[in-house]
Amino acid sequence: SSQVATDKVAGKLSSTLSWVKNTVSHTVSQMASQVASPSASLHTTSSSTTLSTPALSPSSPTQLSPDDLELLAKLEEQNRLLETDSKSLRSVNGSRRNSGSSLVSSSSASSNLSHLEEDSWILWGRIVNEWEDVRKKKEKQVKELVRKGIPHHFRAIVWQLLCSAQSMPIKDQYSELLKMTSPCEKLIRRDIARTYPEHDFFKEKDSLGQEVLFNVMKAYSLVDREVGYCQGSAFIVGLLLMQMPEEEAFCVFVKLMQDYRLRELFKPSMAELGLCMYQFECMIQEHLPELYVHFQSQSFHTSMYASSWFLTIFLTTFPLPIATRIFDIFMSEGLEIVFRVGLALLQMNQAELLQLDMEGMLQHFQKVIPHQFDSGPDKLIQASYQVKYNAKKMKKLEKEYTTIKTKEMEEQVEIKRLRTENRLLKQRIETLEKESASLADRLIQHKCSSRYSEDFVLQLEKELVQARLSEAESHCALKEMQDKVLEMEKRNSSLPDEENVARLQEELIAVKLREAESLMGLKELRQQVKDLEEHWQRHLARTTGRWKDPPRKNAVNELQDELMTVRLREAETQAELKETKQRMMEMETQNQINSNHLRRAEQEVTNLQEKVQYLSAQNKGLLAQLNEAKRRQAEIECKSKEEVMAVRLREADRIAAVAELQQHIAELEIQ
């Protein structure tokens, strides 16, 4: 019976050895496939996690004797000790006198995985394989696991699963998009060198990393022409390219832009960024009132330090290991983690910030905060989930912000309406001036006639009254416009946007200039009416005395004198009119000259653009040749790496064979 028990123990050890051999071969093949192709590593990782450890519990063999059970317990104890020893592989080659169980466990130690890491790999492997069921039934548990960190080798596939980017039709269009030309290419090229300048994958000019980053950014600028390219998005794409190939990174980036509010953040208007700044500032006011008051007293606006947090998800703030952990949670929970981490940072640094002025706070945000968590992000993540985040209140703040922006738009519409009314008022004044001139002409014509009737005098008086009424109406309308402009100035002074204030001030200055012109026209009109009144009073004074005892000859002489005076004034008016026309002609001539200059400048710009297109085409051809050479070089490097890995695999097989022989020797010694 003792021989049977010994055979059973040997069978158990043989099965353990086969499992260790499979684990080693899977680990090595995973490293090789990861070097050859990043996408292949995903399948290797997920498949390797499905391996299960055979049970070595002493309770399973029920027919073993107490001595055999004691022997098996000692073997397992030795196995555990050797798994925690980082130098156990050397001890295998240095000594043959160890027990058989130590030889088996030394092969297991070569996988460089602790029990915790192995359990994490097995757990994430099951989650990936059963993703649909796990996402529906255990969403809360998945979120908790993501907060603790996704294993590096699973990060690519889990990110794709979290944002549902693993099977997108747009992936098939990627190669066609790369053949097209984007209007944003120059901007993208300029910013690529500034993206992760210290990272090995991106730091060299025209390297493979910079090339694939350019490809993804260019492809997206063609897919979404409204957004095109925006600074900051390259950091997100660069992080994706560190984890997965460019096609998968492109699909994930498209999903992030569509479903994670990033598209609204990166739009040219950046309206969503303004909303985030407003919500974050209200959170500071609620949770950290002392710090909020200090920021206000120092004119330290939220956008001065927090805009990059939202645009790059802390990728430009923290080192990559910490920022990647935050990005894991962002893929699972969205922008909420940015609000949480941002407020947690302010809470942890509140005492220091309250002692600093604006420049000191800027230095603190740029130099001190990024290195506070070099030991690990767990403390920061725990603090961020102690922050009170109310989703309903954030929705309420979003409505408030929308209302504020709507009011600003209404103010702009009101200003446009005032400008239109001012233009109509100016036209009305010009019409009034024409009517006044017509009235003066009619008065001159009637003065030239020899007969004056009472009906004509009454008609002139009525027209004079109408002219005065029109003048009074114009004056009231102009005063009302001035009051409205003053009211708009007061409202605009409270608006937060400095650019809008500057633009409105320019428009108000233009309105005031037009008002000044209108006032000048009104003064001239009043002067003309006053002159007409004086002439009319003199005429009444003369005619009243003459109607009693009119000597006809004196009346004719006086009328002739009056007619000469009126003609002189008419000549002066015509001279002024000619002078005005001359000025208008000079202005039109100057305008024509400026138009010709502008046309020539546009022609020069067109010629330069044609030259740029020609040079771009040449540059594209050279880049294509350079890319082909790089591709060939990469293929050669991959082949050499494959050969090296093949040698390592053969070496691992030899080590496994030696371990198997040593196992047989140990079995014989036990027998």
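1. The accessible surface of the protein comes to about 40,600 Å², and carbon and sulfur atoms hold 53% of that area. Areas follow the Shrake-Rupley method with a 1.4 Å probe, and for residues only the protein chains shown count as cover. The model is predicted: local features need pLDDT of at least 70, side-chain atom pairs count only at pLDDT 80 or more, and totals for chains, interfaces and linings use all residues. Residues are numbered from 1 along each chain as its sequence is written, and side-chain values use heavy atoms, with hydrogens and water left out.

2. The protein has 27 helices and 0 strands. Both are DSSP runs numbered from the N terminus: helices are H or I with at least four residues, strands E with at least two. Of the 671 residues, 38% count as buried. Buried means under 20% relative accessible area, exposed over 50%, and partly exposed in between (1.4 Å probe, protein chains only). Among contacts with a separation of 6 or more, 77% join residues 24 or more positions apart. Contact means heavy atoms within 4.5 Å.

3. Start with helix α18, residues 303–312. This helix is mostly covered, with 7 of its 10 residues buried. The buried ones are Tyr305, Ala306, Ser307, Trp309, Phe310, Leu311 and Thr312. Their cover includes α13, α15 (262–266), α16 (271–287), α17 (289–297), α20 (336–348) and α22 (358–368). Just after α18, Ile313 takes a positive phi of about 55°.

4. How do α18 and α20 cross? Their axes come within 10 Å and cross at roughly 145°. Axes are lines fitted to C-alpha atoms, for helices over the stretch in contact, and angles run from 0 to 180 degrees between N-to-C directions. The crossing of α18 and α20 is right-handed. A right-handed crossing has the near helix turned clockwise from the far one by less than a right angle; anticlockwise is left-handed. Tyr305, Trp309 and Phe310 of α18 meet Val338, Phe339, Gly342, Leu345 and Leu346 of α20. These contact residues divide into 7 nonpolar, 1 polar and no charged. Nonpolar covers Ala, Val, Leu, Ile, Met, Phe, Trp, Tyr, Cys and Pro; charged covers Asp, Glu, Lys and Arg; the others, Gly among them, are polar.

5. Arg340 also lies in α20. Is Arg340 buried or exposed? Arg340 is buried, with a relative accessible area of 10%. Leaving aside neighbours within four places in sequence, Arg340 contacts Ser384, Tyr385, Val387 and Tyr389. Arg340 and Ser384 are 44 residues apart in sequence, yet 4.8 Å apart in space, C-alpha to C-alpha.

6. Phe295 belongs to α17. Phe295 is buried, at 3% relative accessible area. Not counting residues up to four places away in sequence, Phe295 touches Phe300, Tyr305, Leu346, Leu353 and Met361.

7. Now the pair α12 (residues 208–223) and α13 (residues 233–243). Their axes come within 10 Å and cross at roughly 120°. That makes α12 oblique to α13. Angles under 35 degrees count as roughly parallel, over 145 as roughly antiparallel, 65 to 115 as roughly perpendicular and the rest as oblique. The α12 and α13 crossing is right-handed. Val212, Leu213, Val216 and Met217 in α12 meet Ser233, Ala234, Val237, Gly238 and Leu241 in α13. The residues of this contact divide into 7 nonpolar, 2 polar and no charged.
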